[in-house]
Amino acid sequence: MVEVKLHDIGEGMTEGDVLTYFIQEGDQVEEDQPIVELQTEKMVAELTAPAKGIVKEIYIAEGTTIPVGTTILTIEAEDSIKKTESSATQKEESSHSVQSAVSDGYKTQTKLAKTNGPKRIKAAPYTRKIARELDVDIELVEGTGKAGRITIEDVQQYAQNRESAATKVKPAVKQLQHQFFQGTTEKQSASEKEEADIIPFKGRRKQIAKKMTTSIFTIPHVHHMEEIDMTELLQFRKEIKPDADVSVAAFFIKALTISLREHPIFNAKLHEEKEEIRLEKSVHMGIATDTKEGLIVPVIKNADEKSILIIHKEMKELMSKAKENTLTLKEMTGSTFTISNVGPMGSIGATPIINYPEVGLMAFHKTKKVPVVGDNDEIVIRSMMNVTLTFDHRVTDGGNAIAFTNRLKALLEKPKLLIVELS
């Protein structure tokens, strides 16, 4: 008998949610066949069958949160089945009548279990995403794929049929409302007002909550704020745009990587048990990204070794994958510092929470034109942006934070310095 357990498939993962089984008890499975879908801290993942055989027993109900190491189900491996069948054949002649009765009884029990058990939905995470976008209850969709697996086309066809049916029954619905609910509308509306919309606190939302709670109750957060004159950088970007169309955020990341290399205490992780601060050799930049499913942090690996153009290209690809929920685990792990570029959303200030166990996080806020007193005491219009550095006060102090932020400020206010640093 082979046990399928929840194992650690992410950095520091301690638990996960069982979302959906693709199989049910009694099903024949092949080795590496997807059998169950899980929500981990960072992503939706599939566990595959470790061996060919028959699903013997499922222990965990869908929607249950379980710790790493929990046995989810067992599979009777094919080798074990052959041994059992060989043993049964040897006894067949002497106990044929008894064997038949037992076999019939087993089949009946199995059938009943399948009939009464929960409905199993076989669909890939992306298919589920399409279903959510189309407001389709995937449990109502009949799968036409292999072994009844629901395809994207099944979901789209269901949505199309639903709309057609809704159009046809609309007059009938109105008639029923008139016949049976006339006079009760006022009472029903009052009742509906008392009801609340319920959002399940599970999946990615729950995992985000756990991580933020761990961070805020473990790390003494300190926030250092600064304003940066973006006028020259925006002009510089405008000048090079015909030949190199890169986002402002790519400049932020490049400037940060240079600052982090010069102030490595912010590109670090504190290991309390070992009583040591680990200064990371490379800068792996996490990019806090807002998606429909919640906050996710894809990572540009070795960002300190890449040009602004390459950073821009990789950032766009990762953010696109984040919104499509197609990031791999590798693309979401290993960050050493994180940025939160909330300016395009309209933010002018915030006190963000550190992406535990990192030491620092930098938030970039909205750039806007404001009157500023110039060097000759004249009033000039400049494009100004606020930034917020959040750092772990156990690891470093305000003086270092100011020096680090000042270096970033200098690089962004004189963007040609970035070129000098690259040469």
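This is a predicted model: local features need pLDDT of at least 70, side-chain atom pairs count only at pLDDT 80 or more; totals for chains, interfaces and linings use all residues.
Residues are numbered from 1 along each chain as its sequence is written.

Q: How many helices and strands does the protein chain have, and what makes a stretch count as one?
A: The chain has eleven helices and 18 strands. A helix is a DSSP run of H or I with at least four residues, and a strand is a run of E with at least two, numbered from the N terminus.

Q: What makes β1 and β8 paired strands?
A: Two strands pair if DSSP finds at least two bridges between them. Four bridges join β1 to β8 (residues 71-77), and the two run antiparallel, so they pass the test. In one of these bridges, Val4 has Leu73 of β8 as its partner.

Q: Why do β1 and β3 stand at the edges?
A: The open sheet has four strands in the order β1-β8-β6-β3, with antiparallel pairing. β1 (2-5) and β3 (28-29) each have a single partner strand, so one side of each is left without a neighbour in the sheet.

Q: Why is Ile216 called partly exposed?
A: Buried means under 20% relative accessible area, exposed means over 50%, and partly exposed lies in between (1.4 Å probe, protein chains only). Ile216 has 38% relative accessibility, so it counts as partly exposed. You can find Ile216 in helix α6 (residues 203-218).

Q: What share of the protein chain is buried?
A: By that cut-off, buried residues make up 38% of the 423 residues.

Q: What makes a group of residues a nonpolar core, and which residues have the most contacts inside the largest one?
A: A core is a set of buried Ala, Val, Leu, Ile, Met, Phe, Trp, Tyr and Cys residues joined through side-chain atoms within 4.5 Å. The largest has 44 residues, and those with the most contacts inside it are Ile253, Leu256, Met285, Phe337, Met362, Phe364 and Leu412. Its largest share, ten residues, comes from α8. A second, separate core of 18 residues includes Val4, Tyr21, Val29 and Ile72.

Q: How do you know that Met285 touches a residue, and which ones does Met285 touch?
A: Contact means heavy atoms within 4.5 Å. Not counting residues up to four places away in sequence, Met285 touches several residues, including Ile253, Leu256, Pro298 and Phe337.

Key: Side-chain values use heavy atoms; hydrogens and water are left out.
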